[in-house]
Amino acid sequence: MFIRARRASGNALFLILIAVALFAALSYAVTRSGRGQGGISKEVAVLEAGQLLGLANSTKAATDRLRILSCAPSQVSLTGMAKSTTVAAANTNPNSPADRSCHVIDVVGGTPAISEAALDKSYVGAPAYGGLYVGNPFCASGDGFANRVKLVAPYVSDQVCAEINRQLFGVASIPVSGTTPINNWTAFEGTFYPGPGCVSCPSSPHGGSICGGDVGCFKQPQLDDFNTSGQPVTKMNVNMFYWEVLVGP
């Protein structure tokens, strides 16, 4: 009886020690993930990259559907698709029918939101963190030039950005654009602009100065963002996930 009781007591103590060790390891992992970008597992990066690419496919499919339903490119409305403190949040298109038959947001079911697990947490609170900008014009070297409208999700984490490129191009690396700050967050109001030229990525695993295709992810060393007072704020080394939603005539 005494021997059995002692063994049971020893087993219980052993299980308690294991539980304490596991709890300490979990606490360390949670604390580590909250610092800077934080470390996420390969599985989480694959999942988040897949969800972002799914978002790109679904919004592009929505604009394609509207085009099939006889909405001209200049009639497509991106009202409500962007989360921003700038005019890009409006995207009011006077050419769009009053019955909202050409509104992308009604097809996709609301303003897209990006999972926090996909983002660089060092930029929490920045304009459009967890949301989108509309780039009109915006192009990245490799995807074509004038008359193209993009949705752009800034602040994507390194792990997810690299995984996006792995899934798209087979290269788990992040092209780096030139150091000139960019700010092409112009609202789409039915007019397509030729643009000031594309962002190029001299440091690119894709060769040449290619940042991607009509969808991709690259790193911008200096990003001209905006705060609520409208003054530019420069942020460093921001990953930009983008995809094309409209092509003008």
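## A buried tyrosine

Tyrosine 123 is buried, with a relative accessible area of 14%; buried means under 20% relative accessible area, exposed over 50% and partly exposed in between, for a 1.4 Å probe and protein chains only. The model is predicted, so local features need pLDDT of at least 70 and side-chain atom pairs count only at pLDDT 80 or more, whereas totals for chains, interfaces and linings use all residues. Residues are numbered from 1 along each chain as its sequence is written, and side-chain values use heavy atoms, with hydrogens and water left out.

## Aromatic pairs

The structure holds 5 aromatic pairs. Rings of Phe, Tyr and Trp (its six-membered ring) pair if their centres lie within 6.5 Å; planes under 30 degrees apart count as stacked, over 60 as edge-to-face and the rest as tilted.

One of these pairs joins tyrosine 123 and tyrosine 155, tilted at 35° with 5.1 Å from centre to centre. Tyrosine 123 lies in the loop between helix 3 (104-108) and strand 1 (133-135), and tyrosine 155 in the loop between strand 2 (148-154) and helix 4 (158-169), so the pair ties together parts that are 32 residues apart in sequence. Helices (H or I, at least four residues) and strands (E, at least two) are DSSP runs, numbered from the N terminus.

## The tyrosine cluster

Tyrosine 155 is buried at 1% relative accessibility. The pair of tyrosine 129 and tyrosine 155 is tilted, because the ring centres are 6.1 Å apart and the planes stand at 40°. Ring pairs link Tyr123, Tyr129 and Tyr155 into a cluster.
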